[in-house]
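User: I would like to learn how to read salt bridges, surface patches and pockets in a model like this one. Could you take me through them in turn?

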Amino acid sequence: MEEIISEIKPFARAIEQSLTKRRRFKEKLVHRFAQAVADYSLIEPNDKIAVCISGGKDSMLMAKLFQELKRRNKIPFELDFLVMDPGYNKENRKQIELNADLLDVPIKIFKSDIFNSVVNVEKSPCYLCARMRRGHLYKAAKDMGCNKIALGHHYDDVIETTLMSMLWGGQIQTMMPKLHSTNYEGMELIRPMYYIREEDIIAWRDAHNLKFLRCACRFTEQLEGEGDVESASKRKETKQLIQQLKKTNPAVEANIFNSMHNVALDAVIAYKTKGEKHHFLDQY
């Protein structure tokens, strides 16, 4: 164990240097992270941000990118690295703690009982779990004096969610780069990985031979045991559809993403804003 600890600091420094010295990581991770922060005004002076870490590759990279941004950013802001233990088994929790040590991310862990609450839910357990997680994270972050929580959703999450809302939700909506909390006054959710592609996150992970959790809930473990890892979700189908379309239209991903930045309301039958529905015939 002492040998492992002695290697932690040099390993973390090597990872940090790779973000600034390796061209791919600097341009596609660091620069895109900073660009999303600037384009969507995700950080304001004197913010205190709870960087929410699930143990997966996305949120752990987000933590390192926040550290890098803080080192070189002129805007004063503070960071807390928040981990919720919703009922991880010992091995998964140990993996999160080890990765945090290796990456030199000073995490704060709090417990909840979410896994026990959703494990026997038959309809949309993943959706319910995500909702409950967010509520617990908001509360813990606010108790720590934070005014924002940051989640590690990336570009691919955004375009998949956009397409899923149309194909299976019957509506047009996307994963927003930031949101005001409806239940915790003064709190916001931000997504600074908005411009970062998943393939670049994977390249960063693999370049350093890092091992992260994918999903450690009991529902997923049950599906894995049945040989049916992701088929309970429509996200896998959406991923496959996008890849199929990409074969004949290389710009399909960018087009899906840009479509949410170029909505022509004059060519929309109806839309909702602040809970109120508007129809084109109202002003025809």
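This is a predicted model: local features need pLDDT of at least 70, side-chain atom pairs count only at pLDDT 80 or more; totals for chains, interfaces and linings use all residues.

User: How many salt bridges does the structure hold, and what is a salt bridge?

Analyst: A salt bridge is a side-chain nitrogen of Lys or Arg within 4 Å of a carboxyl oxygen of Asp or Glu, and the structure holds 26 of them. One of them pairs R93 with D85, whose closest N and O atoms are 2.8 Å apart.

User: Which helices hold K239 and E198?

Analyst: The side chains of K239 and E198 meet in a salt bridge, at 3.2 Å from N to O. K239 lies in helix α10 and E198 in helix α8 (residues 198–207), so the pair ties together parts that are 41 residues apart in sequence. Helices are DSSP runs of H or I with at least four residues, strands are runs of E with at least two, and both are numbered from the N terminus. K239 is partly exposed at 27%, while E198, at 18%, counts as buried. Salt bridges that share partners join K57, D58, E160, E198, R235 and K239 into one network. Within that network, K57 forms a salt bridge with D58, their closest N and O atoms being 3.3 Å apart, and both residues are buried.

User: Which residues form the nonpolar patch on the surface?

Analyst: Patches are made of residues with over 30% relative accessible area and no salt bridge, like charges being joined within 9 Å and nonpolar side chains (Val, Leu, Ile, Met, Phe, Trp, Tyr) within 5 Å. Here M166, L167, W168, I172, L241 and L245 form the patch, with about 560 Å² of accessible area together. Helices α7 (155–167) and α10 (235–248) each supply at least two of its residues. L245 lies in α10 and is partly exposed, because its relative accessibility is 36%.

User: What lines the second largest pocket?

Analyst: Rolling a probe the size of a water molecule over the atoms shows where empty space is left. On a 1 Å grid over the protein atoms alone, a pocket is an open set of points where a 1.4 Å probe fits, with protein on both sides within 12 Å along at least five of seven lines, and lining residues have an atom within 4 Å of a point. The second largest pocket has a volume of about 190 Å³, and its lining is L265, D266, V268, Y271, H278, H279, F280, D282 and Q283.

User: Where are Q173 and R197 placed?

Analyst: Q173 is in the loop between α7 and β5 (178–180), and its C-alpha is 5.9 Å from that of T162, eleven residues away in sequence. R197 is in the loop between β6 (188–190) and α8, and its C-alpha is 7.8 Å from that of K28, although the two are 169 residues apart along the chain.

Note on methods: Residues are numbered from 1 along each chain as its sequence is written. Side-chain values use heavy atoms; hydrogens and water are left out. Accessible areas come from the Shrake-Rupley method with a 1.4 Å probe; for residues, only the protein chains shown count as cover. Buried means under 20% relative accessible area, exposed over 50%, partly exposed in between (1.4 Å probe, protein chains only). Grid points are joined across faces, edges and corners, and a volume is the space filled by probe spheres set on the points.
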